Amino acid sequence: MSTLRESTPDGGRVGGPALSVRDLQKKRNGGKPIVMSTAYDALFARMLDEADVDVLLVGDSLGMVVQGREDTVGVTLEDVIYHCRCVARGRKRAHLVADMPFMSYQVSEAQALQNAARLVQEGHAQSVKLEGGREMAPTVSRLVNAGIAVMGHVGLHPQKVHQLGGFRVQGKTEESARAVVQDAVALEQAGAYALVIEAVPQDVAQAVHRAVQIPVIGIGAGPHCDGQVLVCYDLLGLNPSRAPKFVRAFGELFTSGVNAARQYAQAVRTRAFPEAVHCYGKGEGKDASAQDAATKGANVVTLEPPTIHSRHRDVPSEGEVKRRDQVFG
Ligand code: KIV
């Protein structure tokens, strides 16, 4: 069976496997916005994939939103590999990018290459992302020459939080704005296939977009980009912490989660849960009577002990055992 699928001129897919870096470039060329979100586990990956999100990033932001850290610097390569494998199991169409965590690529080009390869081979990422500007260009080229697709990350580098003295907007002066553009150009020349640009004034992102031909995906960088990326918990309204100015929550999942959990707690405390419909029968025929009673709205079902009619009944067939033991009835 062929695994080749058709690609539309603007980088869309007719069925098919995950979007490739070429599909993302086609989106830029065709003026189609790229939708990117972080994801950290299989279920969220599936949810975002079903919503046709184009790119899933296993971001080192997992340190903050999943692990509850203050910043991303403590995240390890093993952490990212673990979450990447989870996301890889949940997504179908979205392109999968893995973040290279702090100090997994800065030590040497060889270290970067080994670790990027692990993200691709063990994490099943299609590409890797690393933070940095011109200083990272040789590393990017090394990875690209080895066949690894690299997404750059310019503007704010959250991994430099301690050096910067906080998560600070970048490119606010003429000089630093020019530096952001130079970083972007250097990364493109080194072979990066796309860039994330974070927390810069919108005209700086616009200048970057004009200066490079590869897709530029903004976060806190305004509308003049080829796409946008947000942390999934932020866009879903699942993160109760104070959000940066650039975040828009498109849902209220934290509030609905608290409400659902409250209702659950109340149901357990008042013994309203579990009901008959949530219980397994014991012995032949009892499952059915429990189901019947439950659908008729009965709250309590008394199950009699199983009747053993003969020795023969002591040894149920394999099929019967399987049916009785089904958890998803
Ligand atoms: O780690 C992350 O989630 C990121 C995105 C927010 C771009 O780098």
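Which residues in helix 8 meet which residues in helix 9? Ala177, Val180, Val181, Ala184 and Val185 in helix 8 meet Val204, Ala207, Val208 and Ala211 in helix 9. Here "meet" is about contact, which needs C-beta atoms, placed from the backbone, within 7 Å.

Before going on, a word about what you're looking at. This is a predicted model, where local features need pLDDT of at least 70, side-chain atom pairs count only at pLDDT 80 or more, and totals for chains, interfaces and linings use all residues. Residues are numbered from 1 along each chain as its sequence is written.

Now zoom out. The chain has 14 helices and 10 strands; these are DSSP runs numbered from the N terminus, with helices being H or I of at least four residues and strands being E of at least two. Of the 329 residues in the chain, 40% are buried. Buried means that 20 or more other C-beta atoms lie within 10 Å of a residue's own, exposed means 12 or fewer, and partly exposed is in between, with C-beta atoms placed from the backbone. Take the contacts between residues at least 6 apart in sequence: 55% of them join residues at least 24 apart.

Back to our helix pair. The axes of helix 8 and helix 9 (residues 202-211) come within 9 Å and cross at roughly 30°. Axes are lines fitted to C-alpha atoms, for helices over the stretch in contact, and angles run from 0 to 180 degrees between N-to-C directions. Ala, Val, Leu, Ile, Met, Phe, Trp, Tyr, Cys and Pro count as nonpolar, Asp, Glu, Lys and Arg as charged, and the others, Gly among them, as polar.

Helix 8 (residues 174-190) has another partner: its axis and that of helix 6 (residues 137-145) come within 8 Å and cross at roughly 25°. That makes helix 6 roughly parallel to helix 8, and this crossing is right-handed. Ala137, Val140, Ser141 and Val144 in helix 6 meet Ala186, Leu187, Gln189 and Ala190 in helix 8. By class, that's 6 nonpolar, 2 polar and no charged residues.

Most residues other than glycine have a negative phi, and most peptide bonds are trans. Alanine 199 has a positive phi of about 50°; it sits in the loop between strand 8 (194-198) and helix 9. Alanine 199 is buried because 23 other C-beta atoms lie within 10 Å. Arginine 271 has a positive phi of about 60°, but it counts as exposed, with 9 C-beta neighbours inside 10 Å. Arginine 271 is found in the loop between helix 11 and helix 12, and proline 274 lies in the loop between helix 11 and helix 12 (286-295) too. A cis peptide bond, with omega about 0°, joins phenylalanine 273 and proline 274.

Terms used. Parallel < 35°, antiparallel > 145°, perpendicular 65-115°, else oblique. Left-handed = near helix turned anticlockwise from the far one by under 90°. Contact = placed C-beta atoms within 7 Å.
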